[in-house]
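Have a look at this one with me.

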Amino acid sequence: MTTHQLSHSLISIDQLFMLNGKNEVPELDRINQRYLEGLLVSHWGKAPLQKESYYWNAERFGLQYSTLYKSLSEQDQRKILELLSHWNLSLSYYIETSGGLYSAKMLELSENKNERAFYSIFAHDELVHQQLFTPFMQGPVENNIDFHPLLRPLGQAILGQSKAVLIYIVQVLLEGFGLAHYQALKEDCRSETLKNTFGKILADEARHHGAGLVMRDQQILTSEDKQELTTLASQFIRALQDADWIRKAMTQVLGPLSSDQNHLIEKEINRPQVLEARRQKLAHLIKSSLPEEVYLNLERSRVFDHSAPKASV
Ligand SMILES: [Fe+2]
Ligand SMILES: [Fe+2]
């Protein structure tokens with residue numbers, strides 16, 4: 001795919017994420033694999049990687065408080081944790097893919113040698129991160145990006161925005177959110193190897209976000225850009241509120257849950273408080289990352305408010 005095609009507005013999100021790549025070239029794949037294998041050895045050494053069936057305990061998801069979860073067999077509990085681990089790694093894989101797409105777009109939009117060099121290194125970093133996650137997965141990465149509501153609006157954001165909006169939304173806001181998210185995944189991780197891997201990735205992400213702050217201060221936003229930023233930030237906040245993997249994993253393992261069971265899980269795992277904490281974190285990040293006018297627009301449209309109706313801004 002060329003950068004010209006990447007910016008074409010008719011390209012679909014599935015094409016953007018290369019979910020069904022066409023005309024694969026096996027020899028190119030072998031060349032890539034040889035290079036990446038060397039890179040992975042330089043990161044982890046030659047010893048075979050210790051794969052776990054799941055990487056985060058029940059406590060990471062608040063499941064230790066769920067009566068239903070505690071009543072399950074060890075086997076069903078394990079299946080739920082395996083699914084949650086798989087989705088976390090798949091989401092990380094697609095976040096890295098999005099970083100790669102973002103850097104391809106920014107290479108096209110670079111205006112000087114420094115920017116071009118920076119985004120070339122950025123693209124390489126994101127591909128390496130993606131490859132660092134893959135060996136920990138027990139099965140193939142999810143082949144449908146709708147397993148998390150953030151990915152489709154993220155793809156759409158990368159496809160159709162001005163350079164200034166892209167820098168604000170992807171490199172400052174989302175990389176900032178990603179830093180906190182990866183940090184939390186690292187802290188709770190059961191595998192020392194995956195923990196170290198998150199540590200290495202976090203150092204790169206901090207550089208990406210830091211450079212994003214420098215780039216942000218060079219941009220002049222039009223009033224349309226600010227409107228666009230308001231719409232995108234609002235979509236991301238809603239997507240992060242809609243994500244509901246715990247009940248999804250339980251349903252997948254146990255079959256449909258009754259409405260009483262759904263309510264009880266929500267109450268026992270403290271979902272309202274978890275979502276409130278997430279909204280507060282996002283509000284804080286948005287306040288420090290985006291123009292004040294955008295933050296005030298979002299406040300006025302009550303996207304940070306739990307009881308607000310789902311109106312668009
Ligand atoms: Fe990354
Ligand atoms: Fe990044």
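Here are my notes, point by point.

1. Some housekeeping: this is a predicted model, where local features need pLDDT of at least 70, side-chain atom pairs count only at pLDDT 80 or more, and totals for chains, interfaces and linings use all residues. Residues are numbered from 1 along each chain as its sequence is written, while chains are lettered from A and ligands numbered from 1 in the order in which they are written.

2. The protein chain has 14 helices and zero strands (DSSP runs numbered from the N terminus: helices are H or I with at least four residues, strands are E with at least two). Its radius of gyration is 20 Å, close to the 20 Å from the globule rule for 313 residues, so the chain is as compact as a globular protein of that length (taken over C-alpha atoms; the rule is 2.2 Å times the number of residues to the power 0.38).

3. Now α6, residues 113-133: which of its residues are buried? They are Phe118, Tyr119, Phe122, Asp125, Glu126, His129, Gln130, Leu132 and Phe133. Buried means 20 or more other C-beta atoms within 10 Å of a residue's own, exposed 12 or fewer, and partly exposed in between, with C-beta atoms placed from the backbone.

4. Finally, α8 has a kink of about 30°, centred on glutamate 175 (the bend is the angle between axes fitted to the seven residues ending there and the seven starting there).
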